[in-house]
Amino acid sequence: MEFAEKGKIPFWPVMTAIFFGNFLSVLSTTTINIAVPILMDQFGSGLHTMQWMVTGFMLATGVTAPLAGYLGGRFSYKRLYTFALAGFTLFSLLCAVSWNPAMLIVFRMLQGSCSGLIMACTMTIIFQVIPQERRPFAVSLWSLSAMVAPAVGPTFSGWLLQFASWHWLFLINLPVGAAAVVLTQLLIPYYRMNVPKSFDVPGLLTVVLGSLSLLGAFSQGGSWGWTSWKTLSMIALGVVLLILFVLRELKTEVPLLNLRVLKNRRFTAMLSIYSIVTVAMYAGTYLTPLFLQTVEGATTLKTGLILLPSSVLLALLSPVVGKLYPRFGPVRLISAGIACIFAGLLLMSRLHVGIAHNFILWAMMVRNLGIGLANVPSSTASMEEIPAEWSGHATSINNWVRNVLSSLAIAVFTSLLSSREVIHAHELSGAGGLAGAELHLHSFTMGVNDVFLVAALLVLTGFPLMLLVHRRKKETVPVGLPAEEPGSLKKRPAAKF
């Protein structure tokens, strides 16, 4: 008889361990955004260099996500989760003692590789061991852990940077990471569902090299020139490698990522929407602190306080939307969310030098209201028709696509900001009246507005995708079985679509 059906799954202990780990992973992403201008001064680096601290982390998060399906099946998701938490904590320490930008970027990427495993493991554990009727609430708690971090991260990091050095942004992870490791060992039951027969090395190489090639092209396209042979060749190489990856995964007997889950229309549509929402979210998270500190001269603490209300709203919405999901379903909640995200980003595209900070506060609240309405429904609905034995591959695909797209988006946003700033500076200097620092502030602001407008138009593409979401059929989705002892294995029949 299935473990979950017997009512033996300890819901709150499992969710507590998941909450701490996911919180730690997301916190490290949100706290560092405010520190970008400080680190640029500290190391004497430009924005294009320090952006790799953000995009490199996210790319590593997405690139290692495909490994979670294989490693989770091979070693169990509990053991993989514990290993990833320990690695994340170790690399946080190494980030804190970095002595130059290159080392900081390398250790951040290694930290991100562990973060990708953490996010994939936590979501997979939910869909394998939590009973189906409690999953929407469990996903809302998972999302809450990801939203509490942005709520406290900017303000906390702003306060920390005001009174201490940037090193403490990483050192603070050490006690939280240690606590998460202990809680995982004590509270999450050991289980395995399937053990993969082999490891797909060609698949790993093609997906990693393809993702890196695309990120390199989009991050440097502004400086190299978008039509230069270097940019175009790297884009072509990345596309070819990812096509080869897809073809191999569809043919090989034991794929690194089981891309057959994409045949499920509901999963594919929701994955697309979830990715669009994530890209829109990072547009504001990345650009707003830059604008406030670069143009408005706000301190790190004030920047954090301006972002605090919208972040708190996002955190509070997660459990509420989780409770509303069974009543309203994904389509209505996500549609309302997309509309609010568009409105918030459109407001943020109307910034100017000397703008009232209350305007930014309320615009970010409108944007985060939309993200809160769309986030939980899209992540929950994407997994509702995926059998439990395929959930590891589904969450790995989810994290890979979302994080690689987010990395590419930040790279494109940075390049677009730089190129549009140059264009606006040329136009403003030609018109006369502005020069020097004043010219830089106005052209930078106009470039930020252009990026926000692009992000606003991008999020509207989520509306047509809602047409692909059909009414879910009533089903029983198998849940994970805990092993009676660490060496045991319970086999399940392969899922089919």
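Accessible areas here come from the Shrake-Rupley method with a 1.4 Å probe, and for residues only the protein chains shown count as cover. On that basis the chain exposes about 19,300 Å², of which carbon and sulfur atoms supply 69%. The structure is a predicted model, in which local features need pLDDT of at least 70 and side-chain atom pairs count only at pLDDT 80 or more, while totals for chains, interfaces and linings use all residues. Residues are numbered from 1 along each chain as its sequence is written, and side-chain values use heavy atoms, with hydrogens and water left out.

The chain has 15 helices and 0 strands, where helices (H or I, at least four residues) and strands (E, at least two) are DSSP runs numbered from the N terminus. Of its 497 residues, 61% count as buried; buried means under 20% relative accessible area, exposed over 50%, and partly exposed in between, with a 1.4 Å probe and protein chains only. Contact means heavy atoms within 4.5 Å, and among contacts in the chain between residues at least 6 apart in sequence, 84% join residues at least 24 apart.

For L39, once neighbours within four places in sequence are left aside, the contacts are I32, G44, M50, M53, L104 and W166.

From there one may turn to the loop between helix 2 (47-75) and helix 3, where S76 lies. S76 has a positive phi of about 90 degrees although it is not a glycine, and with 0% relative accessibility S76 counts as buried. In helix 3 itself (residues 77-96) lies T89, which is buried with a relative accessible area of 14%. Leaving aside neighbours within four places in sequence, T89 is in contact with L24, N173, L174, G177 and A178.

Helix 4 (residues 101-129) contains C121, a residue that counts as buried at 0% relative accessibility. Not counting residues up to four places away in sequence, C121 touches Y77, L80 and Y81. The C-alpha atoms of C121 and G21 are separated by 9.8 Å, although the two residues are 100 apart along the chain.

A disulfide is a covalent bond between the sulfur atoms of two cysteines. With the criterion of a pair of cysteine sulfur atoms within 2.5 Å, a search of the whole structure finds 0 disulfides.

Side chains of opposite charge can pair when their charged atoms come close. Taking a salt bridge as a side-chain nitrogen of Lys or Arg within 4 Å of a carboxyl oxygen of Asp or Glu, a search of the whole structure finds 1 salt bridge. The side chains of R420 and D450 meet in a salt bridge, at 2.8 Å from N to O. Because R420 lies in helix 13 (residues 391-431) and D450 in helix 14 (residues 436-459), the pair ties together parts that are 30 residues apart in sequence. R420 counts as partly exposed, at 27% relative accessibility.
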